[in-house]
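Please open the structure in a viewer and keep the selection panel at hand.

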Amino acid sequence: MSRPKNAIKKSYLDLNENEVESILTELGESPFRAEQIENWIYNQGVVTWSEMENLPQLLREKLENIIPLHPLRITKISGSDTEFTRKFLFETLDGQKIESVLMKDGKRTTICISSQVGCAVDCKFCATASMGFIKNLSSGEIVDQVIHLQAQSNSKITNVVFMGMGEPFLNYRNVMEAAKILNQKMGYGARRITISTAGIVPKIRQMANEGHKYKLAISLNGSNEKSRNTIMPLTKTHSLKSLIDSAHYYYKKIHRFITFEYVLLEGVNDSPEDGERLIDLLRSLPCKVNVIPYNEIGGEYNRPNEDNIHGFLHSLKDAPFTVTVRWSKGTDIDAGCGQLAVRDLA
Ligand code: SAH
C-alpha cells in the first residue's frame with residue numbers, strides 16, 4: 001500500500017500520549033478515541049485505519065491521510081522447507097530494512113524480533129555484524145513486528161524473544177518500553193518475553209535494579225576470557241569476570257535463572273576442556289545453558305560435526321545446571337540464530 005504524500009514521518013504507534021491527544025483535538029475528536037484506537041491496535045491487531053469499525057468513517061479517512069498507523073510494512077516473506085518457520089523482511093518509514101522470524105513448534109509459537117538495524121557489537125560469528133550499526137529501532141518499530149507477525153500467524157504467538165538483529169541493551173530504553181507494551185497492553189506474561197544480550201554489563205545491573213521480570217539470556221559463547229575475546233571483542237570492555245559478577249548480582253536481586261547461550265564453533269570453544277571450564281565458571285550460579293551449534297554464515301568458522309557436538313555435550317553431563325540444545329530452525333532460509341542480515345534490498 002502506498003503512503004499518502006504529506007504523511008507525517010512518524011507512525012501513530014510512536015506517538016506519546018500528548019501527541020495523540022493533540023491530533024485528536026485538532027480533528028475535533030474526544031480523547032476517548034485514543035482508547036478505542038489502542039484497543040484496535042494492541043488487542044485486535046488491526047493493520048489499517050479502515051478496519052476500526054467503531055470510529056466514524058470520516059475520522060478513519062482523515063487519519064489515513066495524516067498519519068501512518070504502523071511504522072513497518074512487510075516487503076517479503078520467506079517460508080522454510082519445514083513450513084514451520086517463516087522469515088519476514090520489513091521496511092521502516094525511513095526506508096531501513098529489518099527481519100523477524102516466526103517459528104511454530106507444537107503448542108508454542110515463538111517470534112524472534114529485532115531491536116536495531118544492524119549491530120555495533122561485532123561478534124565474529126554473527127551475520128548481523130557485517131551490516132555495521134545503522135540505527136536503534138523505536139519502541140513502536142519493535143512492537144509492530146509482533147503485531148504484524150500475529151496478523152500473519154494462524155496460531156497465537158506464545159513467546160517473544162529479542163534475539164533478532166541488534167543488541168537490545170544498546171537500545172535499552174526503547175527495548176524496555178516495547179517489552180512493557182507487550183506485557184501491559186498486549187497481554188504477554190513477563191516470562192514469555194526473553195531479552196538476550198551479548199553482555200552489556202551495566203545494563204544487566206540496571207535491569208536487576210529496576211526489578212524487571214522478563215527473562216534474561218546472556219550470550220556467553222566462551223569458557224574463558226581469552227576464547228570469548230577472540231570471537232566477541234566487546235569482552236575487552238565488558239570482561240568475562242564482570243559479566244559473571246553481574247549475573248550473580250541479577251540472580252540475587254531477581255531470583256530468576258539466567259539462560260546462557262553458547263554458540264558452538266569448531267575448534268574455538270567446543271572441546272571437552274571448554275565444557276569443564278564452563279562448569280567451573282557457572283558452578284555457583286543458578287542458571288541454564290543453551291548450546292547453539294553454529295549456523296554457518298560463510299565466514300571463517302565452521303559448525304562442529306555431530307560427534308564433536310555430542311562430545312561437548314557429554315563433557316557437561318555432570319554439570320549442576322540444565323543443558324539444552326537449540327537445533328536452529330529455518331537455516332535453509334537464513335533464519336537461524338545469527339543469520340539475520342539484510343542483503344536482500346529488493
Ligand atoms: N545481540 C543479542 C541478540 C542477538 S543474537 C545477543 O548477542 O544475545 C541471538 C543469539 O544468536 C545469541 O546467543 C548469539 O550468540 C547467537 N548467534 C549469533 N550468530 C550465530 C550463528 N551464526 N549461529 C548460531 N547462533 C548465533
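Predicted model: local features only at pLDDT ≥ 70, side-chain atom pairs only at ≥ 80, totals over all residues.

Residues are numbered from 1 along each chain as its sequence is written, and side-chain values use heavy atoms, with hydrogens and water left out.

**The ligand**

Select the ligand and the residues around it. There are 20 of these, the closest being Phe-125, Ser-196, Ser-219, Asn-295 and Gly-338; a residue is included if one of its heavy atoms lies within 4 Å of the ligand.

Next, display the polar contacts, which are pairs of N or O atoms within 3.5 Å. An N or O atom in the side chain of Ser-219 is 2.6 Å from an oxygen atom of the ligand. For Asn-221, a polar side-chain atom lies 3.2 Å from a ligand oxygen atom. Ala-198 contributes a backbone N or O atom, at 3.5 Å from an oxygen atom of the ligand. The protein buries 96% of the 530 Å² that the ligand exposes when taken alone (accessible areas by the Shrake-Rupley method with a 1.4 Å probe).

**The aromatic pairs**

The whole structure holds 5 aromatic pairs, counted where the ring centres of Phe, Tyr or Trp (its six-membered ring) lie within 6.5 Å; planes under 30 degrees apart are stacked, over 60 edge-to-face and the rest tilted.

Select Tyr-12 and Trp-49. Their ring centres are 5.2 Å apart and their planes stand at 85°, so this pair is edge-to-face. The two residues are 37 apart in the chain: Tyr-12 belongs to the segment before helix 1 (17-26), and Trp-49 to the loop between helix 2 (32-43) and helix 3 (57-66). Helices are DSSP runs (H or I) of at least four residues, and strands (E) of at least two, numbered from the N terminus.

Are these two residues buried or exposed? Tyr-12 is buried at 8% relative accessible area, and Trp-49 is buried at 2%. Here buried means under 20%, exposed over 50% and partly exposed in between, with a 1.4 Å probe and protein chains only.

Move to Tyr-262 and Phe-312, a stacked pair with 5.2 Å between centres and 15° between planes. Tyr-262 lies in strand 10 (residues 258-264) and Phe-312 in helix 10 (residues 306-315), 50 residues apart. Tyr-262 is buried at 1%, as is Phe-312 at 0%.

**Charges over rings**

Select Lys-203 with Tyr-172: the charged end of Lys-203 sits over the ring, 5.1 Å from its centre. The criterion is NZ of Lys or CZ of Arg within 6 Å of the ring centre and within 35 degrees of the ring normal. Then select Arg-205, which lies over the face of Tyr-249 at 4.7 Å from the ring centre.

**The salt bridges**

The count of salt bridges is 14, each with a side-chain nitrogen of Lys or Arg within 4 Å of a carboxyl oxygen of Asp or Glu.

Select Glu-91 in strand 2 (residues 85-92) and Arg-73 in strand 1 (residues 72-79). Their side chains form a salt bridge at 3.0 Å, N to O. Glu-91 is buried at 19%, whereas Arg-73 is partly exposed at 33%.

Finally, select Lys-241 and Asp-245, both in helix 8 (residues 240-254) and 4 residues apart, about one turn of the helix. Their closest N and O atoms are 3.0 Å apart, in a salt bridge. Lys-241 is exposed at 55%; Asp-245 is partly exposed at 33%.

Technical notes: Polar contact = N/O pair within 3.5 Å; in protein donor to acceptor, adjacent residues only side chain to side chain.
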